[in-house]
Amino acid sequence: MAAAGCSRGVLIEAEHLRAWEALPRQEQQRLTVQGFARQRRLHAPTLAHYVQPDGQLSAAGVVVRNRAAGTPHTVLTANHIRDWQGMTQQARNAMTMEGFAGRHHLNATTFKNAVRQDGNLGPNGEALLFKAAGGSIAQSPMSTCSSGASERMVSRH
């Protein structure tokens, strides 16, 4: 899929942004971004991140609109997480997690499993930053929990 998404609606794809752009300016004003999002069951805050108040696409919207269909998602990196954490809360709220994922062509679910809206880390984000800092998480065949499951051994190189 070539787009940004949302857990509360349909993924915003290039075709949605092209459909918005194809509307005459008067129709955009009549319908509004909120109305267009409601009509197509899109996440309105993310669509608002892609469409400027004057109806033109934002830089992030242009990136999503121009992305070729079928382009594989970018692998989430520690730099993506640091970029998200480095934003102010106001900027994160305006961009939305879906908008950030779309802008960087990340899988939105993967991104949401790594970070939170407030910039805190999820378990996957903690593991990714730990690994990026040189740590490793390995299963120890000698150590088992009382349930019989292997316990994780954490080490730094």
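Helix H5 (residues 78-86) packs against helix H9 (residues 123-132) at an angle of about 120°, and their axes lie 9 Å apart. Axes here are lines fitted to C-alpha atoms, for helices over the stretch in contact, and angles run from 0 to 180 degrees between N-to-C directions. This is a predicted model: local features need pLDDT of at least 70, side-chain atom pairs count only at pLDDT 80 or more, and totals for chains, interfaces and linings use all residues. Residues are numbered from 1 along each chain as its sequence is written, and side-chain values use heavy atoms, with hydrogens and water left out.

**H5 and H9**

- The crossing of H5 and H9 is left-handed. That term applies if the near helix is turned anticlockwise from the far one by less than a right angle; clockwise makes a crossing right-handed.
- On the H5 side, the meeting residues are Ala 78, Ile 81, Arg 82 and Gln 85. On the H9 side, they are Gly 125, Leu 128, Leu 129 and Ala 132. Contact means heavy atoms within 4.5 Å.
- By class, this contact has 5 nonpolar, 2 polar and 1 charged residues. Ala, Val, Leu, Ile, Met, Phe, Trp, Tyr, Cys and Pro count as nonpolar, Asp, Glu, Lys and Arg as charged, and the others, Gly among them, as polar.

**H1 and H4**

- The axes of helix H1 (residues 14-22) and helix H4 (residues 59-66) come within 7 Å and cross at roughly 115°. H1 passes H4 in a left-handed crossing.
- Ala 14, Leu 17, Arg 18 and Glu 21 of H1 meet Gly 61, Val 64 and Arg 65 of H4. By class, the contact of H1 with H4 has 3 nonpolar, 1 polar and 3 charged residues.

**Buried and exposed sides**

- Buried means under 20% relative accessible area, exposed over 50%, and partly exposed in between (1.4 Å probe, protein chains only).
- H1 buries Ala 14, His 16, Leu 17 and Trp 20. They cover an arc of only 165° around the axis, which puts them on the same side of H1. The arc is that of the directions from the helix axis to the C-beta atoms.
- Exposed Glu 15 and Ala 22 sit on the face of H1 turned away from its buried side.
- In H4, the buried residues are Ala 60, Gly 61, Val 64 and Arg 65. Their arc is only 135° around the axis, which puts them on the same side of H4.
- An α-helix has 3.6 residues a turn, so residues three or four places apart point the same way.

**Two loop residues**

- Gly 55 is found in the loop between helix H3 (44-50) and H4. Gly 55 is buried, with a relative accessible area of 5%.
- Gly 55 touches Trp 20, Arg 25 and Gln 28, not counting residues up to four places away in sequence. Gly 55 and Trp 20 are 35 residues apart along the chain, yet their C-alpha atoms are separated by 8.4 Å.
- Pro 72 is in the loop between H4 and H5. Pro 72 is exposed, with a relative accessible area of 64%.
- From Pro 72 to Asn 107 is 35 residues in sequence and 9.3 Å in space, C-alpha to C-alpha.

**The whole protein**

- The protein has 9 helices and 4 strands. Helices (H or I, at least four residues) and strands (E, at least two) are DSSP runs, numbered from the N terminus.
- Along the sequence, the pattern is β-β-α-α-α-α-α-α-α-α-α-β-β.
- Of the 157 residues, 40% count as buried.
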